[in-house]
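Hi,

Here is the structure I promised to pass on. My notes on it follow below.

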Amino acid sequence: LRPHKTAAGARPEGVLTVQETGMKVGAKIGARLALVAAICLSTASAARADDWATTLANAKKEGIVVVHGGPGKAYNAVLVGAFNKAYPDIKVQFSGANGAIEVPKVLRERQAGIFGWDVWTSGPTTALGTLKESGFFQPLRPILRPDVMKDELWAGGFDFGWMDNDQKFFYAYDGTLQNPIVVNWDVVSPKDLATLEDLLKPQFKGKIVWHDPRVSGTGNGTSQTLLHNIGEENLIKLWKSDVTFTINGQQIAEWTVRGRYPIAIGLEPNNLDTFQSQGVGKNVKPLPDSYFKVQQISVGFGGVGFVDKAPHPNAAAVYINWLLSKEGQQAWTTLPRGTRRADVTSTLPELTPKKGGNYFVGQAEKFTAERLRVQQIAKQAISGPVPSGGKSE
């Protein structure tokens with residue numbers, strides 16, 4: 001080809017300089033890269049949707065999910081009945097046996113190479129002990145949908161619910177405020193009991209009944225709450241102020257309603273409900289939230305983990321995401337229990353965490369040492385034999 005002759009300093013028509021050529025090529029490459037990025041982003045979004053659709057389709061093929069949960073008909077109604085209304089193609093095989101009975105059985109099965117469980121719901125105490133240490137759970141976060149992990153949906157933010165220090169194995173959705181002190185206000189004047197420290201007044205000696213804090217249960221948990229509010233020295237003084245200790249919740253409720261012991265510490269709401277549903281003890285109510293600088297959220301049986309080597313992993317993913325959804329948590333409140341999910345209308349508004357409140361979960365792994373220490377100092381401070389039993393969650 002012959003060179004194209006031009007005047008000095010001129011440039012052939014349509015011919016670009018090296019700089020201009022680079023700019024034009026760069027612009028084209030940039031445009032193409034932007035297009036590729038947009039396509040990839042669109043594909044990624046579609047893949048996430050397709051992944052869930054695939055998970056759901058595979059879950060229906062599996063057709064079953066094996067779940068451990070709380071004991072009693074109420075838990076069965078929620079963890080089986082409510083889920084099957086939402087997903088009738090996935091049947092729930094459910095066991096509500098006490099953890100003390102179920103855990104040894106589960107561990108023996110796994111040692112024998114039998115992996116029969118998909119989802120484990122329970123209290124943190126059971127899950128974070130032997131089960132977690134034995135490798136019973138696999139990471140939960142990878143199967144959770146983004147829409148259930150939004151911070152604004154959960155009291156304290158989503159991550160507040162992790163019970164293990166690693167924040168990946170066991171999640172608490174239950175949000176039932178612990179009302180550690182219940183008072184028969186027909187017997188006790190509010191002016192005499194205006195602060196927590198007033199419990200140490202001589203006039204209340206012999207007037208307090210306490211679910212024994214030396215065993216695992218509500219007495220130990222409420223003692224932990226008081227430790228955070230009045231300190232260890234005052235807590236020990238209170239234990240020693242002629243308090244009556246028992247682990248019989250029904251008896252605690254009866255004594256409080258009758259006024260024999262007008263102040264109850266560690267009284268569970270269901271025991272009091274037995275009397276109030278019959279029209280007695282209507283003025284037996286908890287101390288107001290304003291008495292506490294920090295309150296404890298009791299998880300009860302309201303935590304969940306994804307079992308390692310689950311035989312029905314897709315059905316397990318569907319089940320766990322349903323449980324953490326608005327629909328699942330609305331069903332949970334019918335037990336009745338509270339929920340940390342903020343967009344659910346609780347049947348127990350007085351026991352539901354408030355926005356901006358100061359809370360902790362004593363059952364979380366990071367508080368295990370403190371919880372055990374409270375139990376130990378209670379054994380040292382309280383005379384008499386330690387009762388056998390206590391609540392296992």
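Helix 2 and helix 8 are roughly perpendicular to each other, because angles of 65 to 115 degrees count as such. Their axes cross at roughly 100° and come within 11 Å. Helix 8 covers residues 313-324. Axes here are lines fitted to C-alpha atoms, for helices over the stretch in contact, and angles run from 0 to 180 degrees between N-to-C directions. Helix 2 brings Val 78, Leu 79, Ala 82, Phe 83 and Ala 86 to the contact (heavy atoms within 4.5 Å). Helix 8 answers with Val 318, Tyr 319, Trp 322 and Leu 323. The residues of this contact divide into nine nonpolar, no polar and no charged. Nonpolar covers Ala, Val, Leu, Ile, Met, Phe, Trp, Tyr, Cys and Pro; charged covers Asp, Glu, Lys and Arg; the others, Gly among them, are polar.

A word on the source. This is a predicted model: local features need pLDDT of at least 70, side-chain atom pairs count only at pLDDT 80 or more, and totals for chains, interfaces and linings use all residues. Residues are numbered from 1 along each chain as its sequence is written, and side-chain values use heavy atoms, with hydrogens and water left out.

Helices (H or I, at least four residues) and strands (E, at least two) are DSSP runs, numbered from the N terminus.

Strand 7 and strand 10 pair in the antiparallel sense over three bridges. There, Val 183 stands opposite Ile 263.

Another open sheet has three strands, in the order 6-12-14. Strand 12 and strand 14 run parallel, joined by two bridges. Gln 295 has Tyr 359 as its bridge partner in strand 14.

Last, the lining of the largest pocket. Which helix gives the largest share of it? Helix 7 does, with five residues. The lining divides into 16 nonpolar, 16 polar and nine charged residues. Helix 2 also supplies at least two residues of this lining.

Best wishes

Technical notes
Two strands pair if DSSP finds at least two bridges between them. Angles under 35 degrees count as roughly parallel, over 145 as roughly antiparallel, 65 to 115 as roughly perpendicular and the rest as oblique.
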